[in-house]
Amino acid sequence: MIKYDPKSLKAEEFINDEEIKETLKYADENKDNLELVDKIIEKAKERKGLSHREASVLLACEDKEKIEEIYDLAEQIKKDFYGNRIVMFAPLYLSNYCVNGCLYCPYHSKNKTIPRKKLTQEEVKNEVIALQDMGHKRLAIEAGEDPINNPIEYILDCIKTIYSIKHKNGAIRRVNVNIAATTVENYRKLKEAGIGTYILFQETYHKESYEYLHPTGPKHNYAYHTEAMDRAMEGGIDDVGIGVLFGLDKYRYEFAGLLMHAEHLEAVHGVGPHTISLPRVKRADDIDPTDFDNSLSDDMFCKIAACIRIAVPYTGMIISTRETPEIREKIIRLGVSQISGGSRTSVGGYCEEERPHDTEQFDVSDNRTLDEVVNWLMRAGYIPSFCTACYREGRTGDRFMSLCKSGQIQNCCHPNALMTLKEFLMDYASPETKKIGEELIEKEIDNIGKESVKDIVRERLTKIEQGERDFRF
Ligand code: SAM
């Protein structure tokens, strides 16, 4: 038997199958133990998080009243740590060349129907201009794994190109990277290129399913993939984003694995994941999601989000346009801090007039423009934020986490959200969105605690009106 050890650097010891099975058994045995459930909810109220075992009991609990309590607490914790801000980003697909055989992904190497495409630097530039013209400041770059077509040098060139483009008042100020697991040396190069978060989805924590779902290519290696975040941290990247692709395996197994991964990063590196993404398998070219019989209901998906929110209160949570506006509205309330908007999931998609479908990685379920998403968020009581200040001010890794834990991060995030929203309103918003936004900013200035900060923000908002850009705390 392989022993469980969160501090181990071996995948099967920190994501330990036996421990997950024991956890699920413990959760089943205790899901009706309302005394224990109450105790765990009380602990969660201290806002110091929960263990994977405790959180799994809450996820298994079916008592309606307790579930409502969990939802209320998730909502409250979100308000306490993230206020009513939602950070905006967009994915940028660089290349769909891929040597892996992932059964759920249309980029798999055996797919002969999908046109293969890789952006030239000129095309990257055009995509970035289109994204800047929508108002985006933060991107997540995406690529298949292909050492010949998309080597690390290609990714680094693209990052350089993206940061170099200053079109009108636009700028991409943070590039997050979602590329396949790689070496410490390559992670170091990404860090030096000035990336924000390194994102890698585990897809599934269940080793056997993982190997079945990734039959060929370098991604087949479960340990290499699962230990990637440790290598990324060794390479100096201290903001990492994890996630599973829900629908591939049993959600309760994945949920426990995800939290164990977070515990492992905290135990070994002193800092947990910066973000957790919640993707679900979607239809795509030659992919039918019903081939995977582990799909979960929308209600359970929301419950997972709420339980993650209270289990790891300091970790950002991300929802993409894989979800419909209806689900996004419901789940944002329960603890999501970042969403994408106006996304195109095809290589070169932003330069096309109409959304192209031929090279899409998955079908987008929220087809609204960025302006429409911003408008909708504000109507629902949120502040869309285009802030990228933290990592540019060196607030990453444990520095970010300690500011977050002490609640001080609010003093930066709230004013930064207002100033970056103001930029969006001045440069990109429709007249209606601008009107709603101006009223929102006026109202939200009053929620800035310190009088001196309020004065600085007012002064900077005036300067933004006069054409200056990129203020930050
Ligand atoms: N190629 C890289 C890797 O192997 O990690 C990363 C990028 S891939 C472009 C981004 C993510 O999209 C994958 O990690 C996977 O979770 C997700 N994805 C793949 N196929 C999908 C599908 N049919 N529906 C929804 N998400 C999908």
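Student: Which loop holds Glu203?

Tutor: Glu203 lies in the loop between strand S4 (198-199) and helix H9 (207-213); helices (H or I, at least four residues) and strands (E, at least two) are DSSP runs, numbered from the N terminus. This is a predicted model, where local features need pLDDT of at least 70, side-chain atom pairs count only at pLDDT 80 or more, and totals for chains, interfaces and linings use all residues. Residues are numbered from 1 along each chain as its sequence is written, and side-chain values use heavy atoms, without hydrogens and water.

Student: How do I read phi for Glu203?

Tutor: Most residues other than glycine have a negative phi. Phi of Glu203 is near 70°, a positive value.

Student: Is Glu203 buried or exposed?

Tutor: Glu203 is buried, at a relative accessible area of 8%. Buried means under 20% relative accessible area, exposed over 50%, and partly exposed in between (1.4 Å probe, protein chains only).

Student: What is phi of Asp286?

Tutor: Phi of Asp286 is near 60°, also positive. Asp286 sits in the loop between strand S6 (275-277) and helix H13 (298-311), and is partly exposed at 44% relative accessibility.

Student: How are the axes of H3 and H5 placed?

Tutor: Two packed helices are described by the angle and the distance between their axes. The axes of H3 and helix H5 (residues 64-82) come within 11 Å and cross at roughly 5°; axes are lines fitted to C-alpha atoms, for helices over the stretch in contact (heavy atoms within 4.5 Å), and angles run from 0 to 180 degrees between N-to-C directions. H3 is therefore roughly parallel to H5 (under 35 degrees; over 145 is roughly antiparallel, 65 to 115 roughly perpendicular, the rest oblique).
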